[in-house]
Amino acid sequence: MMDYSLRCTKCSHAEADDAFRCSRCGSILEVRIDYSSIMIGKAFRSRRVKNSKYLLLFPIKRFEMEGGEGGTRLVSHNIGAQKVMFKMETENPTGSFKDRGSAVEISKAVELGRNSVCCASTGNMGMSVARYAKLAGISATIFISKDASKEKIARIKSYGARLVKVDGDFNTALRNAEAFARKDRTFMCGDYHFRKEGQKSVAYEIIDQCGSPDFIFLPVGNATLLSAVYKGLSEYVRFGLLDSMPRIVAVQSEKCDPLVRAYMSGRHLEYVKPKTVADAIAVGYPTFGLEGIAALKKTHGIAVNVSEDQLRDAILMLEEKGIGAEAGGAAGFAGFMKFYENDREMFRGKKTVIVITGNN
Ligand SMILES: [Zn+2]
């Protein structure tokens with residue numbers, strides 16, 4: 001395992017491994033890695049993609065379960081005359097990229113001797129945390145909006161988790177879950193620093209599979225994946241495994257686009273009441289919003305919103321290509337189509353990767 005410390009993203013205060021926010025100012029934390037403690041060996045330079053290969057870049061001693069996450073395919077398709085590549089995160093065990101983060105987060109909980117975890121969820125997070133807790137032999141409590149999808153709620157229950165239905169949206173569920181974690185000494189899972197570390201492997205795999213892309217399109221809810229992909233790419237640049245940083249394109253629904261509004265206007269991040277069909281990215285105030293905006297700035301990135309009709313069209317177009325995706329999972333592709341329809345030259349001769357994040 002690498003050497004690291006947990007620090008507040010705002011005031012740099014050091015925290016212990018079981019903290020999930022800064023005890024001084026309440027901001028989120030980051031895993032500050034001592035990169036000199038990491039030796040990238042020859043085996044790492046192979047093109048093979050398997051989550052265990054990346055263990056040396058995760059802040060855990062070992063995986064505490066055989067979860068089967070990661071190693072998803074990167075498949076090429078033509079959109080008209082344009083070739084694009086889809087990163088198939090729907091191939092993860094619970095159908096979304098969340099499993100990569102859950103594997104790291106729950107391994108950390110076990111490493112710290114905890115026997116229970118909790119999280120807030122719009123659905124996908126809850127399914128993933130519930131499954132990984134079960135595999136690790138510990139209990140899970142999931143806080144979810146009472147308006148969440150019935151199918152997702154049924155699947156969370158099927159993994160044996162305790163469910164707490166909340167009258168409100170994701171941010172209400174989050175407040176309740178954090179209060180529970182503090183009171184109950186339960187390990188808090190969700191969009192925090194350890195999950196972000198686990199999700200870096202989406203970036204590692206894209207680079208190992210296709211070399212150096214020009215664009216990476218990502219759906220954005222809490223912006224954990226966005227900031228994780230940026231951190232993963234930066235690490236590959238640091239270790240000489242990637243020559244130039246791709247431009248990241250962050251996509252949100254018009255009906256819930258706080259990050260797009262803040263990035264495009266240069267103003268502060270402000271809460272937006274989510275009204276989108278894309279429940280997986282219906283987050284009114286993204287936890288990693290500030291980190292996500294910084295990631296876009298550093299990659300000359302773009303933020304774009306898409307209409308609910310554009311989301312539906314994207315799902316249908318993917319379906320014709322044999323790719324199943326929920327609205328949130330298809331948002332990256334909807335964002336690509338919005339640009340492509342306006343300016344086909346933008347992508348000519350460029351390597352474009354679109355992450356399909358979930359299908360539930
Ligand atoms: Zn702080």
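These legends go with close-up views of a predicted model. Residues are numbered from 1 along each chain as its sequence is written, and side-chain values use heavy atoms, leaving out hydrogens and water. Local features need pLDDT of at least 70 and side-chain atom pairs count only at pLDDT 80 or more, while totals for chains, interfaces and linings use all residues.

**View A. Four cysteines hold the zinc ion.** The spacing reads C-x2-C-x10-C-x2-C. The site is tetrahedral, with angles of 100 to 124° (the cut-off for four donors is all angles between 85 and 135 degrees).

**View B. Cys 8 is buried, at 1% relative accessible area.** Cys 25, at 39%, is partly exposed (buried is under 20%, exposed over 50%, partly exposed in between, with a 1.4 Å probe and protein chains only).

View C. Six residues of domain 1 are in contact with nine of domain 2 (heavy atoms within 4.5 Å). Ile 28, Val 31 and Tyr 35 lose the most area on the domain 1 side, together 69% of what that side buries.

**View D. Val 117 sits in the largest nonpolar core, of 81 residues.** Such a core joins buried Ala, Val, Leu, Ile, Met, Phe, Trp, Tyr and Cys residues through side-chain atoms within 4.5 Å. Val 117 and Leu 226 have the most contacts inside this core. Among the residues Val 117 touches are Ala 109, Ile 138 and Phe 187.

How values were computed: Donors = N, O, S within 2.8 Å, 3.2 Å for Na, K, Ca; no water. Tetrahedral: all angles 85-135°; square planar, octahedral: opposite > 155°, others 65-115°. Buried area = accessible area lost by both parts, 1.4 Å probe. Lists of a residue's contacts leave out its neighbours within four places in sequence.
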